[in-house]
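The sequence and structure come first, followed by the points grouped by topic.

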Amino acid sequence: MNDYIELWQRVLADVEVQPAEIVLLRNPMDVVNSNERAWHRDTTLAMRQWQVRTLLSLRDTDREHRILVTYEDLFGQTLTTLKRIATQFNLPWTSDEAALQAQIDDFIDPALQKSDSGENLADFEARTDVEPDVKALYLLGRQAAADPDYFASAEFQQRIDEMTDEYLAKYGALYRDFNVKINSKTFFVFGEDQAQVDQVNTTLRNGQVKMVGTEADSHEVAEDLSERLNNNTIAIQTYPLDYLVVEQKEALNNYLRKNAKRETLWGIGDAKNNEIVEMLTTVSAELGADTHNVVIADDLTAIIDERERRLAIQHLVRTLHAVEQPPYLVLMADELGTPASQSAVTAFIAAEPTKAAPLRDEQPDETFKLRTPLDMDEVAATLTALCRRASQDEQQQAALNHFVSLNYDEILNVKGDQYANSVRN
């Protein structure tokens, strides 16, 4: 609710209801430990989340109708704290405090407080593992909780506003995901064959990129989403935004963000990436990650089995369609071991991020529009030729993007395609 305090206040004002706002302040280290124990959440993320939610609750609540309560007082002096809240908001209070105390003692189980350090303020202030801005915010909050007049003062509010401005200047957007400050490079390798993907992973590792393969936490997510795509439970064009897979998306989001915050250069090289390319690129964009995509393209004309070739074409088209925004690198599978391909990967690692729009191909649509019904031999030959040219000259990616954009729907709707029903739906 900290994220939407102003919205709640507007809604309550619309229906002429006076809010009574209770701000609960807890030791940030206890919050971090609780997050780690319950959700294995990254320490930095948990600390920033405590900081931003505390700032929001102290900045945006109504100064005339609020009270600040510490976690320690709420659970250590529950009756006194509840009476203080009742008095503040003119709530009815029991005439039998002993009975209420008995109910409190029966309800609160101290054994459930698994992340309560019991740390006093002097010990907290002496900590060296808490950043100064976090420490200052908690100590200011404790001061305000102990002094209601100070909490209601313009001086306190001015200090909270200053801390909020300092947070924005230091960390970027005031949002719970803290995505703006992800400064690492994330590499995704897309390919049909894991052995080929591993070959590229090795080249990336030689360039100091920390690569993971099928052992990545994303692998299980990819298997699950792939199964749902194959049985038409979810649709290619909408599944990154589908509430049916919100749990998988959150798991992927947390995994990518955690690694992007810890590693300067890192990535995932897993053949299963092909199955969830839309989800990977969507989540990466939402994170604000500097994502670099490596696409391994087979010589599609060499694939004899028609079904295998059709699926390879469709996977490649899906991948190219999803990674169209720069930067991406095309490597031909039959050239992975060449010095030219290895040099291209090395240069790709070193390349500075760009926010420039992809180059546009100025050739008329007729140059790339496939005949319908599609001749898959023609599709394989044209797509392979365009990929080979793009692998030799990044400027040729514009023509490849043009081809994919024009023919995407038709290629994915080829009769017999396992994804056809998903796209139609």
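A residue counts as buried when its relative accessible area is under 20%, calculated with a 1.4 Å probe. By that cut-off, 47% of the 425 residues in the protein are buried. The model is a predicted one.

**Overall form**
- The protein contains 19 helices and seven strands.
- Its radius of gyration is 28 Å, well over the 22 Å that the globule rule gives for 425 residues, so the protein is more spread out than a compact globule.
- The C-alpha trace spans about 85 × 45 × 40 Å along the principal axes.
- Of the contacts between residues at least 6 apart in sequence, 75% join residues at least 24 apart.

**Nonpolar cores**
- The largest nonpolar core comprises 56 residues.
- Helix H18, residues 397-412, gives this core its largest share, with eight residues.
- The residues with the most contacts inside this core are Leu256, Ile313, Leu320, Leu383, Cys387 and Leu400.
- Beyond its neighbours within four places in sequence, Leu256 contacts Phe188, Trp266, Ile268, Leu280, Val283, Ser284 and Leu287.
- Another core, of 28 residues, lies apart from the largest one; among its members are Val31, Val52, Leu55 and Phe124.

Technical notes:
Residues are numbered from 1 along each chain as its sequence is written. This is a predicted model: local features need pLDDT of at least 70, side-chain atom pairs count only at pLDDT 80 or more; totals for chains, interfaces and linings use all residues. Side-chain values use heavy atoms; hydrogens and water are left out. Helices (H or I, at least four residues) and strands (E, at least two) are DSSP runs, numbered from the N terminus. The radius of gyration is taken over C-alpha atoms; the globule rule is 2.2 Å times the number of residues to the power 0.38. Buried means under 20% relative accessible area, exposed over 50%, partly exposed in between (1.4 Å probe, protein chains only). Contact means heavy atoms within 4.5 Å. A nonpolar core is a set of buried Ala, Val, Leu, Ile, Met, Phe, Trp, Tyr and Cys residues joined through side-chain atoms within 4.5 Å.
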